[in-house]
Amino acid sequence: MPAIFSRVFMMRLILKKLTYMLIGLTYDLRDEYLKMGFSDIETAEFDREDTISSIETALSELGYFTDRIGHIKNLVSRLYRGDRWDLVFNISEGMFGEGREAQVPALLDAYRIPYVFSGPLVMALTLNKALTKVVVKDAGVATPEHFVVYKKSDIAKVNLPFPLFVKPVAEGTGKGIDPDSVISGRQQLEYKCGELLERYQQPVLVETYLSGREFTAGIVGTGEKARCIGVIEIILKENAEQGVYSYVNKEECEERIIYSLTDQDAVEACSELALKAWKCLRAEDGGRVDIRFDHLGNPHFLEINPLAGMHPEHSDLPILAGLHGIPYLRLMQMIMDSAVRKVKHAAHERFTPDDQFDLQGIVPG
Ligand SMILES: Nc1ncnc2c1ncn2[C@@H]1O[C@H](COP(=O)(O)OP(=O)(O)OP(=O)(O)O)[C@@H](O)[C@H]1O
Ligand SMILES: [Mg+2]
């Protein structure tokens with residue numbers, strides 16, 4: 001076989017004849033980065049081997065052929081070798097830079113290879129929680145008042161009533177979040193912002209503290225086809241860190257958290273807010289919106305996760321789907337049904353309702 005025809009090239013040719021799709025998998029494997037010398041906290045958002053194998057198994061059960069690619073540097077060398085895929089299932093979070101979650105989708109765009117989940121614009125914007133709040137607020141979505149502390153001297157300029165909540169502006173998985181994130185006075189604000197600036201080397205988002213119940217909403221689909229597949233309430237057990245869905249509570253969720261179905265009023269309020277945020281940000285295929293009530297019981301947008309965790313038992317989106325009678329395989333199918341449209345439709349068409357692919361009917365609600 002001539003060297004220019006790689007194994008993947010030939011495989012794809014055969015699969016095309018058989019009308020099978022070859023799906024590449026891009027991801028950041030936590031163990032791989034730990035072996036490279038990165039710390040537990042630096043790799044906290046990365047995926048476990050069993051997440052990748054669960055995705056792989058589900059895709060093959062759905063009739064797709066899969067090919068593991070891994071992190072962005074592997075993708076670069078595979079592209080350079082001439083490998084191509086019909087679609088890439090991308091859950092790569094990236095390691096460096098403000099656009100780290102946007103890097104793989106941007107690279108795939110350059111090669112005109114479609115991928116599952118949102119594109120670089122959404123990924124880069126939503127990694128920055130403060131800028132995302134500005135956009136959703138402009139679309140009429142309620143979100144707590146905020147101020148961004150870029151440097152120590154900005155702390156004195158915070159002019160919001162206490163209690164406040166502080167967190168790194170661009171992290172996930174509860175990184176930098178613990179019960180001390182709830183701030184009741186200026187001295188504590190000074191100390192905690194200083195600590196976060198130092199530890200995470202990025203701006204600190206200061207927000208009005210929401211003291212009410214907490215929820216997460218699962219979304220599947222794109223544009224007019226986006227549907228809320230369910231809302232769950234996050235209830236902290238007695239042995240959990242209180243007041244926040246913190247890093248530790250997330251890591252030990254099996255022991256510390258009750259993921260619960262909730263009352264219809266809360267479901268309606270949260271799904272309306274989540275869908276509005278999802279659509280205005282133009283997020284694609286699937287993900288989660290995190291919501292918390294204020295002291296009056298009004299829902300507010302906290303953040304959106306266009307790269308939601310996909311571990312079948314440990315991640316919020318599959319847990320939420322399961323509680324709503326949607327097994328992992330079905331969730332994967334819904335996400336793939338949405339993403340496969342990208343193979344056939346230009347970007348501007350994906351956001352319109354009138355084409356042959358119709359998610360209505362398979363997504364409850
Ligand atoms: N303004 C706020 N008021 C009250 N609690 C908040 C506020 N912002 C964040 N929290 C608490 O901190 C938790 C984590 O916040 P957030 O969702 O922004 O972080 P994350 O690390 O990106 O989460 P994820 O794991 O979903 O990516 C929330 O689930 C909530 O419990
Ligand atoms: Mg969150």
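I began with the sheet of this predicted model, where I found four strands arranged in the order 5-8-6-7 as an open sheet with antiparallel pairing. As a reminder to myself, strands of a sheet pair through backbone hydrogen bonds, either parallel or antiparallel.

I then looked up the edges, which are held by strand 5 (146-149) and strand 7 (182-183); each has a single partner strand, so one side of each is left without a neighbour in the sheet. For the pairing of strand 6 with strand 7, I noted two bridges between these antiparallel strands, and I found Phe165 standing opposite Val182 of strand 7. Against the sheet I noted helix 8, residues 186-200, which packs there and touches strand 5, strand 6, strand 7 and strand 8 (204-208), with its direction at about 10 degrees to that of strand 6.

Next I turned to ligand 1 and asked which of the 22 residues around it come nearest.

I sorted the shell around ligand 1 by class and recorded eight nonpolar, four polar and ten charged residues. Tracing the shell back to the strands, I found that strand 6 (164-168), strand 12 (286-293) and strand 13 (299-305) each supply at least two residues, and that strand 13 gives the most, with three.

Last, I checked the domains and noted that domain 2 (145-208) and domain 3 (214-350) each contribute at least three residues to the shell around ligand 1.

Note on methods: Residues numbered from 1 in each chain as written. Chains lettered and ligands numbered in written order. Predicted model: local features only at pLDDT ≥ 70, side-chain atom pairs only at ≥ 80, totals over all residues. Near = placed C-beta within 6 Å. Nonpolar A, V, L, I, M, F, W, Y, C, P; charged D, E, K, R; others polar. Domains from an automatic or database assignment. Pairing = 2+ DSSP bridges. Contact = placed C-beta atoms within 7 Å. Axes fitted to C-alpha atoms, helices over the stretch in contact; angles between N-to-C directions.
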